[in-house]
Amino acid sequence: MCGIIGYAGSIRAAPILTQGLTNMEYRGYDSAGVGIHDGRQISIKKDTGKIDEIKERLGIDSLNGNIGIAHTRWATHGKVSQVNAHPHTSCESKVTVVHNGIIDNYQKLRINLETAGHLFISDTDSEVIAHLIEDNFKSSGDYRSSIIAACEVLEGSFAFVVIFKDNADTIFGVRKDAPLILGIGKNENFIASDILAFIKKTDEVIFLENFELVEVSKDSYQIMSLSGEQKIRESVKVAWEASDISRKDFSHFTLKEIHEQQNTIRQSLNQNTNILNDFCDILGNSNKIYIVASGTSLHAGFIAKQLLARVVKIPSEVVIASEFISYADLIDSDSVILAISQSGETADVLDAIRTAKGRRGKIISIVNTPGSSLTRESDQVLFLNCGPEIGVAATKSFTSQLAIIYQLVLILSGRTQDIAELTNISNLVPELLSKEEEVSKICDTFASNTDFYFVGRGLNFTIALEGALKLKELAYVHAEGLAAGELKHGTLALIEEGTPVIVLNPDDETYYETLNNASEMKARGAKIIGISNKPNPIYDYHLQIPTVDRIFYPILEVIILQFLAYYGAISRHHNPDYPRNLAKSVTVK
Ligand code: G6P
């Protein structure tokens with residue numbers, strides 16, 4: 001979703017800002033723009049489309065000026081258009097702003113400002129910020145207090161960066177419920193929503209807290225609360241493989257990330273024993289465990305719930321993060337909230353844990369992004385250690401989430417002798433990667449089909465959900481994941497001659513029942529793509545997976561399904577890295 005970056009330095013800002021935007025492309029966007037201060041005035045260049053094209057078309061990189069702000073927009077209020085792209089400026093062009101988040105009360109503020117004579121040119125909620133600050137600046141003549149006064153009336157979530165026409169040296173940033181990070185360089189400083197925006201320039205950062213304002217020039221910065229009190233904050237080094245954001249020889253980040261899984265699964269298992277034990281103590285001593293997540297991470301949550309029930313024999317609930325409020329009244333000081341998130345910035349997840357915290361629930365999280373809001377607001381964190389995930393659709397982060405969940409479950413159930421088999425799972429990844437060509441041919445065969453069904457039982461049912469989600473995200477086809485036993489209760493009516501059905505059927509206790517369901521569908525014309533370690537003539541196509549302990553099949557099956565989604569997109573000529581309408585980091589509710 002929207003990405004913002006501000007730069008104050010001693011060299012031209014424009015190329016640094018456009019590179020920063022490119023590094024944040026993965027978040028998902030539909031338009032982009034920059035505002036550069038050349039010492040006299042602020043030039044704004046913005047448009048819809050891809051950053052590279054906009055940059056060329058508008059000649060952005062040749063703009064002069066050593067401070068500036070930039071933005072990638074993922075439309076929420078107002079259609080995708082040049083005028084709605086950021087930066088936004090005020091009536092007298094004295095204030096220029098880029099914003100991430102949603103201003104809930106923008107309609108009311110806009111009416112008030114219009115009544116006071118302000119002229120709006122966009123349909124966005126963000127434009128009110130520029131007008132509000134300009135209004136305040138006129139009366140106070142003070143940069144900081146004009147921003148603080150604006151924050152006092154803004155409702156909703158925001159992180160924004162502002163520059164003033166009358167101040168050619170300084171950028172200001174402020175946040176509430178949306179991420180904002182200060183990057184400290186030599187003779188240059190940054191403010192951005194994402195470390196990746198500036199990681200090639202500096203790895204020294206300060207993660208701003210809610211309601212903090214930062215004032216940044218090329219060689220200094222000051223952080224203060226919105227009540228004006230100065231804050232002394234230590235910077236930290238991001239010791240992450242964060243700079244590894246190249247595609248290498250792969251045609252897409254998504255493909256590269258699928259291929260990385262042998263290493264990433266292994267890295268995820270490399271955890272600090274004390275933290276692992278702490279997690280296990282917290283989970284093992286609670287009978288009120290709520291697992292909270294969204295999207296693919298939610299599917300990892302379902303696996304966790306099933307394994308906690310079947311292997312550890314403890315109950316837990318999985319709650320879709322955006323639905324958490326319905327369960328809020330159940331939370332008390334005995335409750336444990338296990339939040340799972342790749343980005344650590346998903347607004348619904350953050351909202352859920354903040355609600356739970358307000359009710360004295362304990363928050364433990366499994367997160368990929370160091371320094372993200374979720375990590376800072378949790379009582380204990382396990383990191384995925386799988387490096388930045390750039391492809392919008394989660395791939396390697398999911399198998400890393402599973403690896404950590406397995407590790408916890410094995411410790412909790414006293415099955416520590418099985419950790420060796422878990423560790424060995426990563427060595428089986430090449431066997432799955434060797435199926436790439438086979439999967440791509442199957443995808444070509446079904447390139448004109450528009451409905452796909454994924455079925456499985458038990459843990460494999462959850463992987464059916466994940467396979468269907470992946471295919472929808474990347475190939476833009478209708479796909480449904482189902483518990484195989486539920487087919488007869490409705491969906492079987494949709495099966496007709498040639499309907500592709502992906503059957504997740506490892507040789508476990510569900511094998512024969514699932515096979516029967518496959519036969520029922522085949523009898524009605526379905527083409528069965530069986531993913532199993534055990535071949536069967538019922539399968540029209542069989543993708544062989546290695547034999548492992550029954551609880552570990554999900555982590556293997558899903559790699560095949562990731563290929564299926566990837567090549568589903570390729571066979572339909574879609575770019576799998578940037579699926580339409582979707583964002584990697586969903587920072588609005
Ligand atoms: C978006 C992404 C998904 C991801 C979901 C949850 O929808 O496109 O890939 O699974 O957000 O994100 P999180 O960062 O919380 O895991």
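Trainee: How many Å is an oxygen atom of the ligand from an N or O atom in the side chain of Thr346?
Mentor: The separation is 2.5 Å. A polar contact is a pair of N or O atoms within 3.5 Å; within protein, one must be able to donate a hydrogen and the other to accept it, and residues adjacent in sequence count only if both atoms are side-chain atoms. Keep in mind that this is a predicted model, where local features need pLDDT of at least 70, side-chain atom pairs count only at pLDDT 80 or more, and totals for chains, interfaces and linings use all residues. Residues are numbered from 1 along each chain as its sequence is written, and side-chain values use heavy atoms, with hydrogens and water left out.

Trainee: And what about Ser297?
Mentor: An N or O atom in the Ser297 side chain is 2.6 Å from an oxygen atom of the ligand.

Trainee: Backbone or side chain for Gln342?
Mentor: Backbone: an N or O atom there lies 2.8 Å from a ligand oxygen.

Trainee: How much of the ligand's accessible area does the protein cover?
Mentor: On its own the ligand has 380 Å² of accessible area (Shrake-Rupley method, 1.4 Å probe), and the protein covers 90% of that.

Trainee: How many residues surround the ligand?
Mentor: There are 14, each with a heavy atom within 4 Å of the ligand. Ser341 and Ser343 are among the closest. By class, the shell has 4 nonpolar, 8 polar and 2 charged residues. Nonpolar here means Ala, Val, Leu, Ile, Met, Phe, Trp, Tyr, Cys and Pro; charged means Asp, Glu, Lys and Arg; the others, Gly among them, are polar.

Trainee: Which pocket does the ligand sit in?
Mentor: The largest one, meaning that more than half of the ligand's atoms lie within 2 Å of the pocket's grid points. A pocket is an open set of points on a 1 Å grid over the protein atoms alone, where a 1.4 Å probe fits, with protein on both sides within 12 Å along at least five of seven lines; lining residues have an atom within 4 Å of a point.

Trainee: Which helix gives the most to that lining?
Mentor: H9, with 5 residues. H9 (295-312) is a helix, a DSSP run of H or I with at least four residues. The largest share of the shell around the ligand, 3 residues, also comes from H9.

Trainee: What classes make up the lining of the largest pocket?
Mentor: The lining divides into 12 nonpolar, 12 polar and 4 charged residues.

Definitions and conventions
Helices (H or I, at least four residues) and strands (E, at least two) are DSSP runs, numbered from the N terminus.
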